[in-house]
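This report describes selected local features of one structure. The sequence and coordinates come first, followed by notes grouped by topic.

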Amino acid sequence: MFYCCGLSSPGSAGVGLSFGDGFKHILGSKRLSELSVKRSLLAFLTADGNVTVVLLNGQSEEGQNERQTSRGGKAPSRYKRFNITLKEQIHSLSSGKHHVVLATQAGMVWEWSEQSTTSKPFRSLTNKQIVQVACGDDHSVVLTKDGQLFTWGQNSSGQLGLGKDKPSSLSPQPLKSLCGIPLAQISAGGDHSFALSLSGAVFGWGRNSAGQLGLGDKEERYVPVCVKSLNQKKTVFISCGEDHTAVLTKGGLLFTFGSGCYGQLGHNSLRDEHRPRLLGGLWGSKVSQIACGRHHTLALIGSSKTIYSFGRGEQGELGNGQRTNQCVPLPVHLPPECSPNQTVEKIMAGGNLSVACFQDGEISAGSFRGMSVLDDGIIDRWILDCENAKAWNRVKSEIKKMFSSASCINGSFIDKSDKHYKTSERHSGLDLSLARLAFEKLAQKQRILLEVESVVSQNLLRSLGSTAPGVEALRVYLILPELLRVLNKQQHGKQLAVDLASAILHLDQESLSVLRRLWTTLPYYYYRTLVKVFHSVLAHFISQMTTQICNRWDEASFLLKVLHKLHDINSKRASRLMDDYFYIKELFEVFASVPFFLSDQQKLSVFFNFMKNVDCLCCYPFILDLRSKRFLFSFLQERQKNVALPFVCENSLRVRRDMVLADTLAYLRTTTPDFSLPLKVNFFLEDGFDAGGLCKEFFTLLSQDIRKASSVIQASKDSGLFWFSAETSGSSDEFYYLGVICGMAFYNHCYLNIGFPLALFKKLLHLSPTLSDLEELSPVEARSLKNVLMEDEEVEEIFCLDFTVQGKELIPNGRQIPVTKVNRQKYVDLYVDFFLNKSVEYQFKEFARGFSCGNCFDFWRMFLPEELRLQLYGTSKYEWEELRRIATYEHCGPLDKLIQNFWTVFLELSEEHKKRFLIFMYATVRLPLGGLSQLDLKIVRCDYEDADKRFPVAQICFGTLHLPNYSNIQILGDRLIHAITCCEDFGKM
């Protein structure tokens, strides 16, 4: 049973809600399924799928003048009826001012025109499977099963959403700017349109003269714009009047906005609202349905079975027994014959008409149709039918439609709870466990999985644009890695991973920024999967290029760039992946195997073919462990030397042992050395060829002199580490030359352990030092700052601090600004910045300039701060047994009495004497990464007649120890200790 009110309702008095006798006359015994009204045009859809269009001839648009007269001069008919019957059953309709759009069960779209009174199909929408239609006065919008929008009609106010200056169109045009958004509903008003996503995002476009788009102004919008004030409000339904809009949330709240000139917004005023405003008149009641007429609004409170109305009532459309406008929601008067036990199934409004349908068997409300999403039922059916030859074509067609649409994929795995309504730049609204389970189930049938892979690669990824209209459109980039996960397990999906990486990189900056924020909050296991699917394919390509002559650098570059972005945001995540998760271990295996390639020409050819383009790896150092970086740095360094200066072999420096620092500074100031050449050092009054050992000894002595004699750095009393002297004059050039010396040491693979903190190396790599860096350099100061941050009481009263350090203001008027609990974090940040940056700005700038000059090979920037320090300082972790394990022997063996005695003596030495032995053998106590195991030690037995009178001799360039054949262990110990303790004095290293 249904009741209606309003002057436009045929057969009714027009005042109060009454039984629709006029409609009964039109419908006969048929059950009403859907009704749509615009001004003087009504369209009915009955349960059998037929449509009746009614023109209210007795009323003009304003209900004042007769429009037509029946034939023969008889009295005018109150309405004129047209029956529309199609071969296909109609499932939904919507009417405009002079047209009606019909959608059939087969997905076809027809349009009936008042002018021609005939229906015509839109061939361009054939096979599009339309699920929803919505008409404004002179435009139409349809939603397809795969989530596409099409619009046509007048575009005078941008109501088609196709862009500014786009002409009106008689044929459907795709609205591409909402591609990828999984849509739940579309709605259209007079000259404006809305689309609602599955997660409650509201997009509006078109006429906005009264603020009916809810965007806070009255400017027209020519493309869909998100109504951000409705974000996370859990919007579930939108209804449009001619120039006002009503929005219903899942919690039963009603928001209205737009024109209020008839009171149709319900806010007890006639004022327009340019932003969505909560309807306070129904506060405390849960609204279950809403419907907008031309200038009035209906709201149903399901729990009390009460319909409220407000707005224009001049033609009785409010159903309250009066013909006056109403600014607040008041109950509609139900007729006496309406039983209290009857349930209101549906309310509808349009033009000047209101309709209420009750559940008594005479009304078929119809189901709300939406776009397709992937669920277990569909997957189970595909698995069941995929082995059937006849059914396989249908399954392939469904797979193509589902996986060609980003909208369908984006709407498929949303969180089943209400959490998906909280979709934002920090929350995708997805339940990725559902995606993982779905793809694992699809993987049970390889035939299906490979078909999905093909469709995604050929159709879906190619359809993705550079601009995402909202967060929901970016979900596909979080879902597809789960598909790649199961494909990788079956050794497939490599090209798909490259295509997905390319699509990510094709996103514009704004969309990519949103995606990065989504990555930041992605649960740990899914973020790990995301990294792994790109990492594993990159490792595969690198493995290919290092085992055969081929070029996969183009594909690898896409993967490297995406992994670079993932690595950057890894440090911002609450649950981080370890750095070694990004390492390509295949690279180190190749670099470590280079010595074995020398005897295999084919492997050597493959290696050098790979290394032709290896420069690009320096831009992505996160995939390299420190050993790989060291090898790559050395390889590229040698290659650059050979290309740049093939005939010049060295850069010579001659110094005195007791004047190392002075002689070095004099050399740098009076000459213009080519720092790209290897450094060769010679000490005055000493013969010897520098094969690397003298250079190491030079930098060892230099570091000692710098710590003792340099006036431009000073040691911290708390930590013993060195930092720039803030009081040094800005005219000093020693900062620059100190940087040059450090750069030279790094470039020549020598250790120069001055004792700078990690903050220096961060600054060299343009990273900002933090409080933890200050704590390393000055623990006492850092502890005081931590106390300021941790103090529970009022900081101002306890510490009496202001924004000054060492008498200098950290901010303007800093002396007058006390440090409080509110601003203490700012104070600490400024303090750290002053101490490590601003107070030594000139000093560091000069040092950094010198470092880049002395280390002219710019690839040093591939190292992390910790690695850069380790490369310059070396390590001091000693596992002394490692020396014994790496030792090789000449003219003797490990079981010889002499060798046994040597190791007995060595291992019983004090820690200090063992370090002296390192200086004796290698000219430094600093060790490379990996410690003593990375050194070379060759012990050569020397047979002398007067062996007991001789001392051990070291060739530090080659790591060779010449050990005389001592007669007993006591003499061996005495001679060894004397050699290692006196070597610096007599210079026989």
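## Residue E809 and its strand

E809 is partly exposed, with a relative accessible area of 34% (buried means under 20%, exposed over 50%, partly exposed in between, using a 1.4 Å probe and protein chains only). The residue E809 belongs to strand 34, residues 808-809; helices (H or I, at least four residues) and strands (E, at least two) are DSSP runs numbered from the N terminus. Apart from neighbours within four places in sequence, E809 is in contact with F803, T804, G814, R815 and Q816, where contact means heavy atoms within 4.5 Å. G720 is 89 residues away from E809 along the chain, and the two C-alpha atoms are separated by 28 Å.

## Basis of the values

This is a predicted model, in which local features need pLDDT of at least 70 and side-chain atom pairs count only at pLDDT 80 or more, while totals for chains, interfaces and linings use all residues. Residues are numbered from 1 along each chain as its sequence is written, and side-chain values use heavy atoms, with hydrogens and water left out.

## Nonpolar cores

A nonpolar core is a set of buried Ala, Val, Leu, Ile, Met, Phe, Trp, Tyr and Cys residues joined through side-chain atoms within 4.5 Å. The largest one has 191 residues, of which F403, F534, F699 and F756 touch the most other members. Helix 10 (residues 524-545) supplies the largest share of this core, with twelve residues. A second, separate core has 33 residues, among them C892, I899, L927 and L972. In soluble globular proteins, nonpolar side chains tend to be buried together.

The contacts of F403, leaving out residues up to four places away in sequence, are L374, W382, I409, F439, L442, V452, V455, V456 and L460. L496 in helix 8 (residues 494-506) is buried at a relative accessible area of 4%.

## Helices

Helix 17 (residues 693-709) has 17 residues and a C-alpha distance of 24 Å from first to last, close to the 24 Å expected at 1.5 Å a residue; the expected span is 1.5 Å times one less than the number of residues. Buried residues in helix 17 include L694, F698, F699, L701, L702 and I706. In helix 27 the buried residues are L898, I899, N901, F902, W903, V905 and F906.

Helix 2 (residues 376-385) and helix 3 (residues 389-403) have axes that come within 9 Å and cross at roughly 145°. Axes are lines fitted to C-alpha atoms, for helices over the stretch in contact, and angles run from 0 to 180 degrees between N-to-C directions. From helix 2, I378, R381, W382 and D385 meet A391, W392, R394, V395, E398, I399, M402 and F403 of helix 3.

## Loop residues

K250 lies in the loop between strand 20 (244-249) and strand 21 (254-258) and is partly exposed at 39% relative accessible area. Neighbours within four places in sequence aside, K250 is in contact with K234, V236, K286, D418 and Y421. S288 is 38 residues from K250 in sequence and 8.4 Å away, C-alpha to C-alpha.

Most residues other than glycine have a negative phi. Q232, in the loop between strand 18 (221-226) and strand 19 (235-240), has a positive phi near 65° and is partly exposed at 44%. H766 also has a positive phi, of about 65°; this residue sits in the loop between helix 19 (758-764) and helix 20 (771-777) and is exposed at 68%.

## Cysteines

How many disulfides does the structure hold? There are zero, a disulfide being a pair of cysteine sulfur atoms within 2.5 Å. The sulfur of C226 is 15 Å from the closest cysteine sulfur, in C240, and therefore too far for a bond. C226 counts as partly exposed at 21% relative accessibility. For C942, the closest cysteine sulfur is in C892 at 9.1 Å, again too far for a bond, and C942 is buried at 11%.
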